[in-house]
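Notebook open, viewer open. I'm going through this one entry by entry and writing down what I look up.

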Amino acid sequence: MPEQPPYLRIADVLRQRIAEHEWRPGDRLPSRAQIARECGVGENVVRRAQELLISQGILEGRAGSGTYVAEPRRRVRVVRSSAREQRDDSPFRADMKAVGKYGDWESRTKAKVPAPVEIATRLGITEGDLCVRTAYEFLADGRPVQLSTSWEPYDLTAGSLVVLPEGGPHAGAGVVNRMAEIGITVSHAVEQPEPRRATAEEASLLGIQQAALVTHIRRTYYSDQGRPVETADIIVPAALCEIVYEIPTGR
């Protein structure tokens, strides 16, 4: 059996010392140099161990101050379900309200963006075909907890009142409700979740450690004719959110 990498061993040591209440929430850890001497490893090993525990929400780094034991925090529950589209509110706002938080989002839309090859494949169009791209930052009590980048074929909504997802009389109504306004019935969505590490840009936007664990969800909405009408890359940080799938029984 391969030997455990040194930084994982040190992470286990630090985790155990926290579990045994040697350090309590809010306590500042000794310096990396001190921990390195106590454990007989280099400071870089301690740094990697601490970064791992920060990404897991066990520790938190404070610029210019040091590393501290994180206060226990309740992760935001994010419910994934195609049955949660609402006429009067968004599923995200409903999720946030359920945990006593105010849900909101910021968005940036750009029309007539050429589709990259992966997006074109997911939408069943040709690479370079024009799309409407919208980048979202979802907020809980003003703090970012989720990212999403949405793509819609431009020829599907061009010239209609729903061409801009966050503009016009149907702003923020969601894909299902917006498509219904132009006579398209969305029948189902397909989601492909995959764990990975956050990119530098994602970490910066979410306020998490670079390379922290996130779930990358590739979601595509389909019409009742089988045409993909929207696809999105949704980024959910593991330290801030838990993902729950709600599956309708069809009854």
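Predicted model: local features only at pLDDT ≥ 70, side-chain atom pairs only at ≥ 80, totals over all residues.

**Entry: H1 against H3**

I took helix H1 (residues 6–19) and helix H3 (residues 43–55) to begin with. Their axes come within 8 Å and cross at roughly 60°.

Which residues meet? From H1 I have Pro6, Tyr7, Leu8, Ile10, Ala11, Leu14 and Arg15, and on the H3 side Val45, Arg48, Ala49, Gln50, Leu52 and Leu53. Sorted by class, the contact of H1 with H3 comes to ten nonpolar, one polar and two charged residues.

**Entry: H1 against H2**

Next I checked H1 with helix H2 (residues 32–39). These two pack at about 105°, and their axes are 12 Å apart. H1 and H2 are therefore roughly perpendicular to each other; the cut-off I used for that word is 65 to 115 degrees.

H1 brings Arg9, Ile10, Val13, Leu14 and Arg17 to this contact, and H2 brings Ile35, Glu38 and Cys39. The class count for H1 with H2 is five nonpolar, no polar and three charged.

**Entry: the loop between H1 and H2**

I stopped at Leu29, which sits in the loop between H1 and H2. Is Leu29 buried or exposed? Leu29 has 5% relative accessibility, so I put it down as buried, the limit being under 20%. Leaving aside neighbours within four places in sequence, I found Leu29 in contact with Trp23, Ile35, Gln50, Leu59, Thr67, Tyr68 and Val69.

His21 counts as partly exposed, at 49% relative accessibility.

**Entry: positive phi**

Most residues other than glycine have a negative phi. His21 has a positive phi of about 65° although it is not a glycine. Lys112 also turned up, with a positive phi near 60° in a residue other than glycine. I located Lys112 in strand S4 (residues 103–114). Its relative accessible area is 49%, so Lys112 is partly exposed.

**Entry: the cores**

What does the largest nonpolar core look like in numbers? I get 23 residues, and those with the most contacts inside it are Val76, Phe92, Val145, Ile208 and Cys241. Among the elements giving two or more residues to this core are strand S3 (76–80), helix H4 (91–98), helix H8 (200–206) and strand S9 (228–237). S9 gives the most, with four residues.

Beyond neighbours within four places in sequence, Ile208 is in contact with Ala198, Ala203, Val214, Pro237 and Leu240. There is also a second, separate core of 17 residues, including Leu14, Trp23, Ala36 and Val41.

**Entry: Ser223**

I found Ser223 in strand S8. Ser223 has a relative accessible area of 6%, so I logged it as buried. Past its neighbours within four places in sequence, Ser223 is in contact with Ile184, Thr185, Val186, Ser187 and Val229.

**Entry: Gly128**

Gly128 lies in the loop between helix H5 (117–123) and S5. Its relative accessible area is 36%, which means Gly128 is partly exposed. Leaving aside neighbours within four places in sequence, I have Gly128 in contact with Pro114 and Ala115. The C-alpha atoms of Gly128 and Gly142 are 14 residues apart along the chain and separated by 36 Å.

**Entry: whole chain**

Last, I zoomed out. I count eight helices and ten strands in the protein. The C-alpha trace spans about 65 × 40 × 40 Å along its principal axes. Of the 251 residues, 39% count as buried. For contacts with a separation of 6 or more, residues 24 or more positions apart account for 57%.

How values were computed:
Residues numbered from 1 in each chain as written. Heavy atoms only, no water. Core = buried A, V, L, I, M, F, W, Y, C linked by side-chain atoms within 4.5 Å. Buried < 20%, exposed > 50% of the residue type's maximum accessible area, 1.4 Å probe, protein only. Contact = heavy atoms within 4.5 Å. Axes fitted to C-alpha atoms, helices over the stretch in contact; angles between N-to-C directions. Nonpolar A, V, L, I, M, F, W, Y, C, P; charged D, E, K, R; others polar. Parallel < 35°, antiparallel > 145°, perpendicular 65-115°, else oblique.
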